[in-house]
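Please read the following note with the sequence and the model open beside it.

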Amino acid sequence: MIKLYGHELSGNSYKVQLFLSLLNLDFEWIKVDLMKAEHKSPEYLALNPFGQVPMLIDGETKLADAQAILVYLARQYGGEEWLPLDALPLAQVVRWLSTTAGEVRQGPENARLYHLFRITNINIERATQKAEYILAQLDKHLSDRTWLEFERPTIADIAVFPYVALVRDGKIDLSPYPNVLAWIDRVKHLPHYIPMAGV
């Protein structure tokens, strides 16, 4: 059985948990208590030397990093519906994985870390500005489409979704972004959707 190591308040853990559920795959959830620094224990570092969550084990496969795990699961179990193989559509999806690791992390994710987890070395003014910027870009992008790319959900949507849906934890108002709100609602209505606390 697939094993997923993560924390229930981690948006990156949640996106993998959500995708496993959308794929209707059985998996074992193994909590890594970040508050007790279990991610820095010798046992966990032997699995993932970076000491981060999530971490996926599927048979002999051991894989860290949420975006990498989404790619693996899409190719292994989801097929082209979730991650196309042709050059241009593949690049279009990968672009959003990069956006997730860049603008979404620097904006919504960092604002949430500052306010919810009291990570005070984050520049909250900069994080708030970046959050508002990426939300405005997403809202414009979604003004004439249902999903981030194509007319179906892909791992692009799953990658971007958690920290955007959780942006209120970072004291960011979503009401100016109606297209983003509508997209969040569509994700929540996908078959086998599972919620995260606060989403």
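**Notes on the predicted model**

1. Aspartate 65 sits in the loop between β4 (61–64) and α3, where the names refer to helices (H or I, at least four residues) and strands (E, at least two) taken as DSSP runs and numbered from the N terminus. This residue has a positive phi of about 80 degrees although it is not a glycine. With a relative accessible area of 42%, aspartate 65 is partly exposed; buried means under 20% relative accessible area, exposed means over 50%, and partly exposed lies in between, computed with a 1.4 Å probe and protein chains only.

2. Before going further, please keep in mind that this is a predicted model, in which local features need pLDDT of at least 70 and side-chain atom pairs count only at pLDDT 80 or more, while totals for chains, interfaces and linings use all residues. Residues are numbered from 1 along each chain as its sequence is written, and side-chain values use heavy atoms, with hydrogens and water left out.

3. The overall layout of the protein chain consists of seven helices and four strands, and along the sequence these follow the pattern β-α-β-α-β-β-α-α-α-α-α. The radius of gyration of the protein chain is 16 Å, close to the 16 Å that the globule rule gives for 199 residues, so the chain is as compact as a globular protein of that length. Here the radius is taken over C-alpha atoms, and the globule rule is 2.2 Å times the number of residues to the power 0.38. The C-alpha trace of the protein chain spans about 45 × 40 × 30 Å along its principal axes.

4. Of the 199 residues in the protein chain, 49% are buried. If one takes the contacts (heavy atoms within 4.5 Å) between residues at least 6 apart in sequence, 65% of them join residues at least 24 apart.

5. How many of the residues of helix α6 (residues 155–165) are buried? The helix is mostly covered, with eleven of its eleven residues buried, among them Asp157, Phe161 and Pro162. The buried residues of α6 pack against α1 (11–22), α3 (66–78), α4 (87–117), α5 (124–141) and α7 (178–188).

6. Leucine 70, which is found in helix α3, is buried, with a relative accessible area of 0%. Leaving aside its neighbours within four places in sequence, leucine 70 is in contact with Lys15, Val16, Phe19, Ile155, Ile158 and Ala159. The C-alpha atoms of leucine 70 and glutamine 17 are separated by 9.9 Å, although the two residues are 53 residues apart along the chain.

7. The aromatic rings deserve a separate look, and the count comes to four aromatic pairs. Rings of Phe, Tyr and Trp (its six-membered ring) pair if their centres lie within 6.5 Å, and planes under 30 degrees apart count as stacked, over 60 as edge-to-face and the rest as tilted. Phenylalanine 19 and tryptophan 82 form an edge-to-face pair, at 5.0 Å centre to centre and with 70 degrees between the planes. Because phenylalanine 19 lies in helix α1 and tryptophan 82 in the loop between α3 and α4, this pair ties together parts that are 63 residues apart in sequence. Phenylalanine 19 counts as buried at 0% relative accessibility, and tryptophan 82 is buried with a relative accessible area of 8%.

8. Phenylalanine 161 and tryptophan 183 also form an edge-to-face pair, at 6.1 Å centre to centre and with 70 degrees between the planes. This pair links distant parts of the chain, with phenylalanine 161 in helix α6 and tryptophan 183 in helix α7, 22 residues apart. Both phenylalanine 161 and tryptophan 183 are buried, and one aromatic cluster is formed by Tyr14, Phe161, Trp183 and Tyr193.

9. Two further places in the backbone are worth checking by eye. The peptide bond from valine 53 to proline 54 is cis, with omega near 5 degrees, and proline 54 is found in the loop between α2 (42–47) and β3 (55–58). Lysine 171, in the loop between α6 and α7, has a positive phi of about 60 degrees although it is not a glycine, and lysine 171 is exposed, with a relative accessible area of 64%.
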